[in-house]
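Thanks for coming. Please have the picture up while I talk.

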Amino acid sequence: MSNNEELDALVGEWLTVPDLMEALGVELREVHRLMDQRQIVAVKRGDNKAKSVPAAFLQDGKIVDSLTGTITVLSDAGYSDAEMIDWLFTADETLPGTPMQALREGRKTEIRRRAQALAW
């Protein structure tokens, strides 16, 4: 299985850049700014290699509040965008669930602590 297939199996639902623009109600330049400033991460997927983000990164029409800080911690730990998505969507029985589910439930302190531990 390719890395993209593995991510697809973990993530499930994806949003392309146009989907993301519509979901957030913003213009293309704003989506690019969000990606450039690492407020959200994307991977190239599919036959046309379209940049896509996990749909779970959004909640109530906004980026999940604690996602950006977690991306910063994982980036500081040397994770690529694909590795970040993999980590966020891989089930962890000690949580339970996935780090992304925990972030969506407002449990950012525990997830950030785990992310910081990855850098050591």
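A salt bridge, as I use the term, is a side-chain nitrogen of Lys or Arg within 4 Å of a carboxyl oxygen of Asp or Glu. Before the examples, what you see is a predicted model, where local features need pLDDT of at least 70 and side-chain atom pairs count only at pLDDT 80 or more, while totals for chains, interfaces and linings use all residues. Residues are numbered from 1 along each chain as its sequence is written, and side-chain values use heavy atoms, with hydrogens and water left out.

Side chains of opposite charge can pair when their charged atoms come close. How many salt bridges does the structure hold? There are seven.

Take Glu-30, which forms a salt bridge with Arg-33; their closest N and O atoms are 2.5 Å apart. Both residues lie in helix 3, residues 28-36, and they are three residues apart, about one turn of the helix.

Buried means under 20% relative accessible area, exposed means over 50%, and partly exposed is in between, with a 1.4 Å probe and protein chains only. Glu-30 is partly exposed, at 24%, and Arg-33 is partly exposed too, at 31%.

Next is Arg-29. Its salt bridge is with Glu-27, and the closest N and O atoms are 2.4 Å apart. Arg-29 counts as exposed because its relative accessibility is 64%.

Now a pair from separate parts of the chain. Asp-81 forms a salt bridge with Arg-38, with 2.8 Å between the closest N and O atoms. Asp-81 lies in helix 5 and Arg-38 in the loop between helix 3 and strand 2 (43-45), so the pair ties together parts that are 43 residues apart in sequence. Asp-81 has a relative accessible area of 22%, so it is partly exposed. Arg-38, at 26%, is partly exposed as well.

Arg-38 has another feature in its backbone: phi is near 60 degrees, a positive value in a residue other than glycine. Lys-49 also has a positive phi, near 55 degrees, and is not glycine. Lys-49 sits in the loop between strand 2 and strand 3 (50-54).

There is also a network of salt bridges, which links Asp-92, Glu-110 and Arg-114.

Please find helix 5 again, residues 81-89, and look at Met-84 within it. Is Met-84 buried or exposed? Met-84 is buried, because its relative accessible area is 0%. What does Met-84 touch, not counting residues up to four places away in sequence? Contact here means heavy atoms within 4.5 Å. Met-84 touches Arg-38, Val-41, Ile-71, Leu-74, Ser-75 and Tyr-79.

With residues up to four places away left out, Asp-86 touches Leu-7 and Leu-10. Asp-86 and Val-11 are 75 residues apart in sequence, while their C-alpha atoms are 8.2 Å apart in space.

Asp-86 also belongs to a patch of negative charge on the surface, together with Glu-5, Glu-6 and Glu-83. A patch is made of residues with over 30% relative accessible area and no salt bridge; like charges are joined within 9 Å, and nonpolar side chains (Val, Leu, Ile, Met, Phe, Trp, Tyr) within 5 Å. Helix 1 (3-11) and helix 5 each supply at least two residues of this negative patch. Glu-5 is found in helix 1, and it counts as partly exposed because its relative accessibility is 44%.

Gly-61 is in the loop between strand 4 (58-59) and strand 5 (62-63). It is partly exposed, with a relative accessible area of 40%. Gly-61 touches Ala-23 and Leu-24, again not counting residues up to four places away in sequence.

Definitions and conventions
Helix = DSSP H or I, 4+ residues; strand = E, 2+ residues; numbered from the N terminus. Areas by Shrake-Rupley, 256 points an atom, 1.4 Å probe, with all protein chains shown as cover. Lys, Arg positive; Asp, Glu negative; His and termini not counted. Charge placed at Lys NZ, Arg CZ, Asp CG, Glu CD.
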